[in-house]
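The sequence and structure come next.

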Amino acid sequence: MSQIDTASIKISRAEGSKVSEVDFGQLPFGRVFTDHMLVAYTQNGNWEQAEIKPFGNISIHPALSALHYGQSIFEGMKAYRDTKGNPLLFRPMDNYERFVKSAERMFMAPVPKSMFMEGIKALVSLDREWIPAVPGGSLYVRPLLFATDPYVGIKPSDNYCFIVFACPVGAYYAEAINVYIEEKYTRAAEGGVGAVKAAGNYAASLYPNKFRVDKGYRQLVWTDAKEHKYIEESGTMNIFFVINGKVITPDTSRDTILKGVTRMSVISLAKDMGYEVEERRISVMEVIDSLQNGTLTEAFGSGTAATIAHIAAIGYREGHHDLPSIDQRPISTALLNRLTNIRTGVEPDPYGWVVKV
Ligand code: COI
């Protein structure tokens with residue numbers, strides 16, 4: 001390993017690159033990893049120098065408190081190639097701000113902004129050859145923070161580990177998906193941790209999801225914990241409906257819904273493209289009635305991994321409601337095209353979302 005020390009981040013390069021072994025046309029989501037990762041630890045509660053080093057396993061204590069009690073949070077963002085092949089990050093500061101909120105809610109040590117931003121830029125720059133040059137491809141960047149105290153007792157950990165690794169990816173959902181409106185199980189209740197990216201939120205969704213996956217639905221659509229009457233979000237993404245030509249998405253004011261960076265981007269783009277946008281409570285009955293009377297013409301999820309994922313059909317109780325085919329979805333298609341063009345530098349970015357690496 002050759003060692004290069006920069007002011008804030010130590011860089012230990014891998015001997016060689018595995019990039020030539022990758023088939024960028026056939027990328028399974030989240031299973032291929034780049035050559036390097038960033039790792040930093042706190043010692044006595046203070047962050048030590050972060051290191052970018054060859055990607056590989058880490059050693060952990062069996063009593064690691066994150067494993068037992070779930071003090072673990074993460075983020076997801078993407079890097080793209082611009083038209084000249086240079087790396088661009090999409091809204092990394094928004095991911096950082098949410099990472100800080102997640103850390104605060106889970107009572108964890110926040111990662112300094114410079115370590116997060118400079119660390120991710122350095123990692124993406126070093127592994128820039130891994131950003132797929134194929135349409136729809138991107139480099140998914142995963143920051144992760146977890147508690148490291150070896151202690152079998154309940155208390156906030158004194159020490160933490162921050163890791164960032166990256167995966168070249170294609171589409172998370174290769175085609176439009178079927179979703180099912182869930183009325184028994186709950187993702188998040190008011191006062192809980194639904195608005196942050198806590199690892200346990202995803203673990204808790206797996207069991208309820210299983211019953212619907214068995215019946216041909218890829219994801220659940222969660223409803224509110226109190227009455228199961230209002231739509232919240234879908235498993236891996238926020239959710240949008242187009243009803244009577246209006247773009248409608250559940251509002252996030254009750255802190256039970258993740259404030260998605262792609263969600264915020266879709267709302268801004270839709271408004272600026274001249275669509276009427278409503279962020280408000282949307283009841284299950286409104287969705288079902290609108291499906292039945294044909295005024296609900298498009299539905300899609302939004303997320304970093306999912307980007308804009310068309311919803312093919314919505315299941316509710318014993319009913320199954322097919323939506324119009326993808327070629328009849330002008331609004332979500334236009335939004336996806338605009339978002340893609342901004343993220344890849346094909347169109348100018350009037351919002352300041354895109355960050356050069
Ligand atoms: C993301 O979209 O970044 C997520 O964290 C969702 C996960 C299912 C990949």
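On a 1 Å grid over the protein atoms alone, a pocket is an open set of points with protein on both sides within 12 Å along at least five of seven lines, and a molecule sits in it if more than half of its atoms lie within 2 Å of its grid points.

The model is predicted: local features need pLDDT of at least 70, side-chain atom pairs count only at pLDDT 80 or more, and totals for chains, interfaces and linings use all residues. Residues are numbered from 1 along each chain as its sequence is written, and side-chain values use heavy atoms, with hydrogens and water left out.

## Shell and contacts

Polar contacts are pairs of N or O atoms within 3.5 Å. A polar side-chain atom of Y140 is 2.5 Å from a ligand oxygen, and a side-chain N or O atom of K197 is 2.9 Å from a ligand oxygen. From A305, a polar backbone atom lies 2.8 Å from an oxygen of the ligand. The protein buries 89% of the 280 Å² that the ligand exposes when taken alone (Shrake-Rupley method, 1.4 Å probe).

## Cavities

The whole structure holds 3 cavities of 30 Å³ or more, a cavity being a set of points where a 1.4 Å probe fits but cannot get out. The volume of the largest cavity is about 60 Å³; its lining includes G76 and T304.

Definitions and conventions
A polar contact is a pair of N or O atoms within 3.5 Å; within protein, one must be able to donate a hydrogen and the other to accept it, and residues adjacent in sequence count only if both atoms are side-chain atoms. On a 1 Å grid over the protein atoms alone, a cavity is a set of points where a 1.4 Å probe fits but cannot get out, and a pocket is an open set with protein on both sides within 12 Å along at least five of seven lines; lining residues have an atom within 4 Å of a point. Grid points are joined across faces, edges and corners, and a volume is the space filled by probe spheres set on the points.
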